[in-house]
Amino acid sequence: MKTIKIGLLGMGNIGTGTYKTLEMNRNEIEATLDRKVEIVKILEKDTERDRGVTVPKEKFTQDPDEIFNDPDIDIVIELLGGIEPATTFMLTAMKKGKHVVTANKAAIAANYHQLMDTAKENHIAFKFEASVGGGIPILGTLLGPLRANKFQEVMGILNGTTNYILHMMTKEGMDYDVALKDAQAQGFAEADPTADVEGIDAANKLTILMALMFDKYVAPEDIPTTGITGITSEKIEEARSNKCKIKLIAHAWKDDAGEIKYEVRPMYISETHPLANINKEFNAVFVKGNAVDDVMFYGKGAGPLPTGSAVLGDVIDIAKTVLR
């Protein structure tokens, strides 16, 4: 039986979740593919950390060329995060003929055309389902079952950290600072939460959605973006008095002239709107197409196992459609 060999770049939370998901569901994954799947080399400096999963020490390396130059490695999974060196590593892997899977929304949003063009030029698959909705299968659906539509609008709660904070401010009456500390204690917010609470993460994801839905690339820094740091208990109560909730919404739409508009900002959402009832760390994406009309996708938009599920879904797709 053929073995699909994978090189993993980074074994932080998402890398660990991906490794665990493969170990948990190995029998099902390999039965689906009728092939073995093995992560054979892992680029990672910290080899001693307790990750809750046993990884043979010989799999670790601190030299990325051990992965790029290994002719037996079919797929490279990039889970380092950040724009660099992640982008350079993905481009290198592509030029070496490796198919690439990533969850790295910042790198994709910053270098969308370069990554897509390099993948095309080198005839390799480039998959990034996990970059926008974690475990929510939004991108594959847009590119598959919904591809026959002309898309008119997308709006969504694309960041679990901010949604958790706003939920705790609304439901528990917490002030912003207290809710942020609670989110950090629960593992939903980083020690430095800037990318989340200032809306940068949501803008990165909106860049990717617009590129796929509208064939329009807008750099994240060019999307008008307001985070949630200015949301107070008074604003939460004002929204409640108007039978609304405040949610950080990433929104892109075609106006009557067909021009695409876009923004990321806290919005008043009517309590009757489906997005108003997306709570805690959950995400949701609302899509409107001219044929399908309104569709909403809901689930865990982050977390090691949900994101690892999406990463391995891309691996399975490559194995079934390309590595035949």
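View 1. The largest pocket holds about 1,200 Å³ of space. A pocket is an open set of points on a 1 Å grid over the protein atoms alone, where a 1.4 Å probe fits, with protein on both sides within 12 Å along at least five of seven lines; lining residues have an atom within 4 Å of a point. The volume is the space filled by probe spheres set on the points, which are joined across faces, edges and corners. The lining comprises 39 residues, of which I14, K105, E190, A302 and G303 are the closest to the centre of the pocket. Among the helices that supply at least two lining residues each are α1 (13–24), α9 (160–171) and α14 (304–321), while α12 gives the most, with four residues. Helices (H or I, at least four residues) and strands (E, at least two) are DSSP runs numbered from the N terminus. This is a predicted model in which local features need pLDDT of at least 70 and side-chain atom pairs count only at pLDDT 80 or more, whereas totals for chains, interfaces and linings use all residues. Residues are numbered from 1 along each chain as its sequence is written, and side-chain values use heavy atoms, with hydrogens and water left out.

**View 2. The two sides of helix α6 (residues 112–121).** The buried residues pack against α4 (86–95), α5, β6 (126–127) and α12 (contact: heavy atoms within 4.5 Å). H123, which follows α6, has a positive phi near 55°.

**View 3. The open sheet of six strands.** The strands run in the order β3-β2-β1-β4-β5-β6 with parallel pairing; two strands pair if DSSP finds at least two bridges between them. β3 (60–61) and β6 stand at the edges with a single partner strand each, so one side of each has no neighbour in the sheet. Four parallel bridges join β1 (residues 3–9) to β4 (residues 75–78), and L8 stands opposite I77 in β4.

**View 4. Helix α10 (residues 176–185) and its buried face.** Y176, A179, L180, D182 and A183 are buried. Seen down the axis, the buried residues of α10 fall within an arc of 160°, so they line one face of the helix. Helices α9 and α11 pack against these buried residues. D177, K181 and A185 are exposed on the other side of α10.

Conventions
Buried < 20%, exposed > 50% of the residue type's maximum accessible area, 1.4 Å probe, protein only. Arc of directions from axis to C-beta.
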